[in-house]
Amino acid sequence: MFAIRHVTGYAAMGAAALALTLAGCGSGGGGGGSSSSSGASTPQSSGTAQNAAKGSATSMLTTAKVAKLGTVVTDGKGFVLYRFDADSANPTKVSCYSTCAALWPAATTTSNGSVTTKGIDKSLVSTVKRNDGSTQITLAGWPLYRYAKDDAPKEPYGQGVDGTWWAVTPSGAKITTPASESSAPSPSSTNTGGGGY
């Protein structure tokens, strides 16, 4: 009798954990929403090692000249980094999760101290904790992202997508100049389903 009650208790706890996990999958989604925990994420001033399994891990922010856009911020491999209008810089807030984050992976690092810069004022670089436990790099308070359809360095396919995604200058400002027609993918490949992602 005691063994049956013990097993039943474990089954009930397992079902409750599964229900909580499934409920968490539907929150904190893409464009325009806010972080699912406390509303606004706060920057981390010092870093301990964080889980950076999700997103686009980098240890360097640098700059590159991109046709039509000028000087933009890139990761250590030369991929253009973007900011999202639905995020905010003061206070820092991350809005791109779930489906949005699949198309716009966060530029993450293992710790704030591991981000080196070249051509960018180091004092403008910080980090913010994401609700998946990873540490996202920020520039002038703005969370930074890669675009999944940029498959080579200095490709700005994400520039101006949905009127909310912009390449970033070394000061953290958004570049609103349209990318050249020759570098942009065809309209069918940039259809992101609206909502900023």
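**The loop and the core**

Modeller: Arg146 is buried, its relative accessible area being 14%; buried means under 20% relative accessible area, exposed means over 50%, and partly exposed lies in between (1.4 Å probe, protein chains only). This is a predicted model, in which local features need pLDDT of at least 70 and side-chain atom pairs count only at pLDDT 80 or more, while totals for chains, interfaces and linings use all residues. Residues are numbered from 1 along each chain as its sequence is written, and side-chain values use heavy atoms, with hydrogens and water left out.

Arg146 sits in the loop between β12 (142-143) and β13; strands (E, at least two residues) and helices (H or I, at least four) are DSSP runs numbered from the N terminus. A polar atom of the Arg146 side chain lies 3.4 Å from the backbone oxygen of Asp150. Tyr157 belongs to the loop between β12 and β13 as well, and is partly exposed at 23% relative accessible area. Between the C-alpha atoms of Tyr157 and Tyr147 the distance is 7.5 Å, with ten residues of separation in sequence.

The largest nonpolar core has 20 residues, and Tyr145 and Trp165 are among those that touch the most other members. Such a core is a set of buried Ala, Val, Leu, Ile, Met, Phe, Trp, Tyr and Cys residues joined through side-chain atoms within 4.5 Å. β5 (82-84), α2 (98-103) and β13 (165-167) each give two or more residues to this core.

Notes:
Polar contact = N/O pair within 3.5 Å; in protein donor to acceptor, adjacent residues only side chain to side chain.
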